[in-house]
Amino acid sequence: MAQIRVENLRKSFDQFTAVEGSNFTIDDGIFFAMLGPSGCGKTTTLRMIAGLELPTDGRILLDGEDVTFRRAAARDIAFVFQLFALYPHMNVAENIGFPLKCQGMARREIRERVQETARLLRIEHLLPSKTSRLSGGDRQRVALGRAMVRRPKAFLMDEPLGALDAEFRHLMCGELRDLHDRIGATTVYVTHDQLEAMSMADQIAVMNKGRVEQIGSPQEIYDRPASMFVADFIGSPPMNFLRFEGGLRSGDRAVSFHDARIAVPEIREDRASSPLALGIRPEHIRFADTAPVRGEVFGAEYLGTTQIVTVETAHGRVAARLPSSASVRIGETVGLEFRSERLALFDVGSGVAIRTVHDGSAHHG
Amino acid sequence: MADVVLRNISKRFGAVQAVGELSLAVNDGEFLVLLGPSGAGKTTTLRLITGLESPDAGSLMIDGRDVTHDPPGSRDIAFVFQQYSLYPHLTVYDNLAFPLRSPARRVPEPMIRERVERTAELLHIASKLNNRATRLSGGEMQRVAIGRALVRDPSIYLMDEPLSSLDAKLRAELRLELKRIQLELGATILYVTHDQVEAMTMASRIGVIRDGRLLQLGTPREIYESPASLYVASRLGTPQINVLPARLLSDVPVPPGTETVGIRTEHLQLAARNGGQMVGRVHRVEHLGEQNHVHLDYKGETLVTLADPHRPLHAGQEVELNLVHPLCFDRAGQRIPAAIH
């Protein structure tokens with residue numbers, strides 16, 4: 001078991017900076033997801049933690065011990081890659097036991113460890129099987145077993161479910177999280193899929209252009225995004241932004257949005273007039289005839305329990321999540337009412353969230 | 001635009017019955033989506049309509065005319081493929097104009113210009129008309145590929161998972177656009193996909209297909225709320241419908257013959273323990289942002305339902321389960337229509 005600490009970690013490839021000045025601590029036993037689009041630096045960060053890549057600057061500490069320049073094999077960390085390669089000529093038990101055999105462990109001990117690993121993964125019945133006969137999910141489980149059997153201090157995973165279809169991926173997410181709950185090993189999980197991160201992680205680091213934009217629990221990140229990038233990256237459909245120009249004073253409980261006054265959570269900073277954006281999640285919008293922000297219904301997407309209704313307003317398109325029982329006509333004019341305590345405000349220039357009364361504990365990257 | 005009618009169409013490849021006695025009428029101006037897993041016979045059905053495959057049995061009518069044995073070129077169909085294939089050496093304009101410049105059509109250039117510009121406007125690529133096709137993003141390329149079908153005015157558009165190669169955000173955007181364009185043009189579209197969200201959000205009607213057979217045809221709401229079978233019920237809805245053996249229920253009257261019940265999130269209410277018979281234990285709470293997925297253990301079975309993210313539920317907690325009008329299925333998995341009241 002292990003705590004992983006990253007201090008001022010930076011990585012450049014020639015002119016290109018892949019990771020710039022990251023700082024975070026992953027506590028022992030935590031399922032930690034690094035989430036971001038391709039090229040955001042998440043895989044490079046993971047590879048530096050694993051020892052597959054040397055940082056340009058900064059330190060990596062494993063349980064307080066500086067391992068920055070230690071070889072990958074000497075770090076006691078198991079890396080699970082995106083594409084699982086099993087040895088086709090070995091059966092499942094031999095595949096799982098292979099890393100121990102390489103270490104020169106006694107055969108009886110290997111057998112015990114393999115049994116124990118298979119029991120944790122609930123694949124004991126597959127031990128004698130040929131790997132070529134396995135389903136996709138079972139192959140993933142065997143590959144995980146091969147990583148687990150060494151009892152490493154931490155697991156590092158790079159999009160291990162990337163190749164699976166959506167339904168199966170969600171099923172495997174549940175399994176991975178259950179497994180994590182059983183063995184309790186620190187896990188660092190890299191993905192570009194917000195649903196995977198939200199579904200499994202205790203903590204998520206959202207990365208963009210080599211920087212960590214926000215670290216927090218899935219709910220914190222969803223409810224109080226630290227930047228427009230995070231607000232847009234998380235959620236499906238993402239947060240709506242309604243742009244306007246205005247100044248802010250600490251203590252304000254409403255903003256002048258074009259010709260209307262809109263109630264917002266109490267603001268905790270002063271700002272001269274500049275381009276701002278109101279941020280509102282689709283499920284915090286209701287239709288109300290008297291609401292000042294109005295628009296024309298552009299489309300309605302039925303999803304069973306709910307529907308996503310897109311409204312064309314003078315300030316851009318807005319997606320609202322309504323119960324599927326609400327009747328909506330394309331082309332009709334509607335007013336949009338926002339749950340004021342759920343509104344966010346952003347400075348458009350920097351993309352950073354404006355501090356409000358809700359920001360007591362939020363982490364800003 | 002026109003009606004397209006398939007009557008008892010069958011197609012076999014060796015030992016595999018790809019399409020079996022499929023009957024389907026795509027109405028004029030309708031957006032019909034065939035939903036099924038890979039290997040269900042969706043793409044074969046499209047290829048049979050285009051004439052790229054010929055059926056072993058059955059007939060195909062387009063606009064009241066039997067075209068079963070007509071060559072592909074004379075069927076007046078536009079096809080959009082999963083993988084966009086544009087002419088890389090041509091501009092966006094010339095890619096869009098290409099189908100109209102075919103020697104078989106002979107459309108005058110001013111009319112071509114008008115059609116291309118209108119299509120580009122519709123697809124929000126008007127500013128890219130002079131770009132080389134290779135200088136576009138993935139989403140723009142797929143718009144051009146769809147545009148190349150739209151410049152023509154065929155009887156029907158056939159689309160084979162045209163959005164599946166795009167990332168999630170772009171897919172959501174184009175779903176909305178495609179539906180709007182279809183409504184604006186009054187176009188008849190037969191669209192195949194394995195993605196239930198595409199089917200639910202765009203279709204006028206959905207045909208659920210499996211092993212080459214059409215299992216149910218109806219509006220998204222009909223299919224979601226009144227599925228004909230357990231299989232159809234499991235194809236639509238997130239989280240997937242929960243299935244419980246009827247013998248595990250307590251205090252829930254079910255019609256005779258009920259073997260299993262299907263419980264969607266809206267059929268299941270969670271409450272604090274208050275003397276009710278059905279008690280489940282929270283196994284895990286998954287935070288997905290706008291909703292939590294609550295995983296419950298109930299008599300050795302797992303149930304997943306939605307809950308408000310700010311409702312305090314935690315692993316290990318016991319809750320009472322109240323079922324409200326769940327769906328009932330017989331031993332063969334067929335729906336027993338009588339609702340429980």
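What distance separates the centres of domain 1 of chain A and domain 2 of chain A, taken over C-alpha atoms? In this predicted model, the separation is 38 Å.

To follow the tour, select residues 4-223 of chain A for domain 1 and residues 228-347 of chain A for domain 2. Where these domains touch, domain 1 of chain A contributes 7 residues and domain 2 of chain A contributes 5 residues. On the domain 1 side, display β9 (203-208), β10 (211-216) and α7 of chain A, the elements that each supply two or more residues. That side consists of 3 nonpolar, 3 polar and 1 charged residues.

Next, turn to the contact between the chains, which takes 22 residues from chain A and 23 residues from chain B. On the side of chain A that touches chain B, select α6 (194-200), α7 (218-223) and β16 (293-302) of chain A, each of which gives two or more residues. The greatest contribution to that side comes from β16(A), with 4 residues. By residue class, the side of chain A that touches chain B holds 9 nonpolar, 8 polar and 5 charged residues.

Now select the largest nonpolar core, a set of 184 residues. Those with the most contacts inside this core include Ala33(A), Leu156(A), Tyr157(B) and Leu190(B). Helix α4 (residues 138-150) of chain B provides the largest share of the core, 6 residues. The core lies between domain 1 (4-223) and domain 2 (228-347) of chain A, because both give residues to it.

Finally, centre the view on Leu190(B). Beyond its neighbours within four places in sequence, Leu190(B) is in contact with Val4(B), Val26(B), Leu32(B), Leu46(B), Ile156(B) and Leu158(B).

Key:
Residues are numbered from 1 along each chain as its sequence is written. Chains are lettered from A and ligands numbered from 1 in the order in which they are written. This is a predicted model: local features need pLDDT of at least 70, side-chain atom pairs count only at pLDDT 80 or more; totals for chains, interfaces and linings use all residues. Two residues are in contact if their C-beta atoms, placed from the backbone, lie within 7 Å. Ala, Val, Leu, Ile, Met, Phe, Trp, Tyr, Cys and Pro count as nonpolar, Asp, Glu, Lys and Arg as charged, and the others, Gly among them, as polar. A nonpolar core is a set of buried Ala, Val, Leu, Ile, Met, Phe, Trp, Tyr and Cys residues joined through C-beta atoms within 7 Å. A residue is buried if 20 or more other C-beta atoms lie within 10 Å of its own, exposed if 12 or fewer, and partly exposed in between; C-beta atoms are placed from the backbone. Domain bounds come from an automatic or database domain assignment.
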